[in-house]
Amino acid sequence: MCGIVGYVGPQACADILVDGLRRLEYRGYDSAGLAVFDGKRTGVVRAVGKLQNLVTALKEKPLPGSLGIGHTRWATHGRPTEVNAHPHCSGEIALVHNGIIENHIELKRHLAEEGVKFASDTDTEIVAHLIHREAKTGDDLLGAVRRALGHVHGAYAVAVMDARQPDRIVVAKNASPLVIGFGEGEMFCASDIPAILPYTKRMLPLEEGEIGVLTESGLELYTLDGKRVDRQPKTITWSASQAEKGGFKHFMLKEINEQPRAIEDTIRGRVDLAAGDVIESELGIDAETAKSLKRVYFIACGTSHHATLYGRFLMEHIAKVPSQTELASEFIGRDPVVGEGDLVVAVSQSGETLDTLAALKVAKEKGARILAVANVIDSAIPRAAHGAFYTHAGPEIGVASTKCFTTQLAAMVLLAVFLGRRRGTLEKERAQEILQNFVEIPNQMRTVLALDDIIRDLARPLAQAKSALFLGRGVSYPIAVEGALKLKEISYIHAEGYAAGEMKHGPIALIDADMPVIAVMPDDKAYEKIASNVQEAKAREGHVLAVATRHNADIGGIAHNAIYVPKVDPVLSPFVTALPLQLLSYFVADFKGTDVDQPRNLAKTVTVE
Ligand code: AGP
């Protein structure tokens, strides 16, 4: 997501800020900007696109001064334009922000009633105005930021300057990362360690609910409720490239571990637990349209297609609307019967996949309503759609999709509940139950990620395999096919994902002692049936690894090995069963020494047919 850099000290800081932003480029961004205090006032320069555009703009309008903040923006609220780029200003206040303000609509309404005029479409600008309002009471910047944040719900890391107090930057963190760097007579802040690693190795990551004041002489740190915090910086020994990957060996492993946070960000501000409903203004589907839907068509490719298989399951189970999934390339190759009354959901992490875009255009021409689910704001697919639902996975660098996949699954849940409530097929009580269980899912995912050592041990023998079979039924079928895709993409081991019930119609012929079988079999109504399929594989000497629910005690008699996931609402089990398979593929590939982040022949964005 966005990148923040801040500097206070004796040096001219514009170059330091741009250099820091460059080191955060891996986080992805679509615009960038700086605010620097020049001794009299704060100057701001912003530019859309690559950092080079900001550098060019800075040549025309240099920003001298030694107190400044910088930002790379990954658009979430408002298009990637210069006015939406950070820093955002209100009076003497300049602010950069990473995160999502959940209650931005309500806050904006209050501020508008007070006469505030908005220059951008962002949630961030609201925080600048809130701080400006609080700072008018004459208190210091720390107090103003603290009071303003008291009105804010959501995720934020902020760095704030006030031209009336030009010796300080106030920083605060809740759910978005921010690290403080301690130099000699100078202080830094940044979204991530690599940004400031060339300047100092002494760092202190802020913890949840902390707020601090950076001046040349150091950091004063408090909790948001005003208690003084005394923590010392640590010395970072990572290299710059290790730091970029957060200390993980590969981006893919980092991204696998980011999934609980990515799901939280995708859910944030979209769920009303009390009403048992999904709040979504971007979908472009009103209650009448939801009620009169004839059919939902999902179009996507690769991993995104696998997410739509789960979407189909939920659509039938929750929203009770006939649904089908289509590989985008096949959809355009036929003469699909689609049109008015149909909702076509085009799912794509990049938002640029050519086949998906082409399929979307075919469906649009035939009169269907188009909804895009994408991770990149304002990319081609959401632009071509009638409505867009953005996943908030943040940029995914590993070519093999992991966090984008599970945030797509999250989008499927939100969409199904949204439609189910409007179509009257989902009772409020059951919706409340699903949504309550859903907001608890990120923590359940954390417990699965903690199984990494066990999964690494199970991956070692799999690295010798020539081929592997992944089985799943019902809600676990999409996870089996995605598990197989992950393994083949990054380890180059041939793998098939199959509906377990289909095994006896062909693939069973392949099973022998050299064929590992990975069965996705959480505790749900398909359990008994898939257990029988697994017994059939075992009877033919297939070596079975089960991904099962902890309390399924009989699994020991069914599978050779098991990875136990926590028991969750059966409709949400893909969130906990997908992770072991991602880790399994990752460790197999790492044992084999393949290029995990850039597998051969693959591209992150596929813009050819
Ligand atoms: C995922 O691991 C793959 N790299 C690939 O299948 C990908 O999901 C597919 O190309 C679709 O991409 P999109 O989500 O950007 O449309």
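Biologist: Let's start with one side chain: what is the relative accessible area of Tyr199?

Modeller: Tyr199 has a relative accessible area of 28%, so it counts as partly exposed; the scale calls a residue buried under 20%, exposed over 50% and partly exposed in between, using a 1.4 Å probe and protein chains only. Keep in mind that this is a predicted model, where local features need pLDDT of at least 70 and side-chain atom pairs count only at pLDDT 80 or more, while totals for chains, interfaces and linings use all residues. Residues are numbered from 1 along each chain as its sequence is written, and side-chain values use heavy atoms, with hydrogens and water left out.

Biologist: How many aromatic pairs does the whole structure hold?

Modeller: A pair of aromatic rings is described by the distance of the centres and the angle of the planes. Rings of Phe, Tyr and Trp (its six-membered ring) pair if their centres lie within 6.5 Å, with planes under 30 degrees apart called stacked, over 60 edge-to-face and the rest tilted. The search finds 6 such pairs. One of them joins Tyr7 and Phe188 edge-to-face, at 5.3 Å centre to centre and 65° between the planes. Tyr7 belongs to strand β1 (residues 3–8) and Phe188 to strand β10 (residues 187–190), so this pair ties together parts that are 181 residues apart in sequence. Helices (H or I, at least four residues) and strands (E, at least two) are DSSP runs, numbered from the N terminus. Both Tyr7 and Phe188 are buried.

Biologist: Which kind of aromatic pair do Phe188 and Tyr199 form?

Modeller: Phe188 and Tyr199 are stacked, 5.5 Å centre to centre with 25° between the planes. Tyr199 sits in the loop between β10 and β11 (202–205), 11 residues from Phe188. Phe188 has a relative accessible area of 0%. Put together, ring pairs link Tyr7, Phe188 and Tyr199 into a cluster.

Biologist: And which ring does the charged end of Arg270 sit over?

Modeller: A charge sits over a ring if NZ of Lys or CZ of Arg is within 6 Å of the ring centre and within 35 degrees of the ring normal. Arg270 places its charged end over the ring of Phe389, 4.0 Å from its centre.

Biologist: Turning to helices, how many residues of α10 are buried?

Modeller: In α10 (residues 302–319), 13 of the 18 residues are buried, so this helix is largely enclosed by the rest of the structure. Just after α10, Lys320 takes a positive phi of about 50°.

Biologist: Where is Tyr492, and what is its phi?

Modeller: Tyr492 lies in the loop between α17 (477–491) and β24 (494–499). Its phi is positive, about 65°, although it is not a glycine. Glu541 also has a positive phi, about 70°, and is found in the loop between α18 (527–539) and β26 (543–549). At 57% relative accessibility, Glu541 counts as exposed, and Tyr492 is partly exposed at 26%.

Biologist: What kind of peptide bond joins His86 and Pro87?

Modeller: The bond is cis, with omega about 0°. Pro87 is in the loop between β4 (67–73) and β5 (88–90).

Biologist: How much space lies in the largest cavity?

Modeller: On a 1 Å grid over the protein atoms alone, a cavity is a set of points where a 1.4 Å probe fits but cannot get out; a pocket is an open set with protein on both sides within 12 Å along at least five of seven lines; lining residues have an atom within 4 Å of a point. Points are joined across faces, edges and corners, and a volume is the space filled by probe spheres set on them. The search gives 3 cavities of 30 Å³ or more, and the largest holds about 70 Å³. Its lining includes His86, together with His77, His97 and Asp123.

Biologist: Which residues lie nearest the centre of the largest pocket?

Modeller: They are Arg27, Pro177, Lys254, Glu258 and Arg261, out of 37 lining residues. The elements giving two or more residues to that lining are β6 (93–101), α7 (251–257) and α8 (259–267). The largest pocket holds about 920 Å³ of space.
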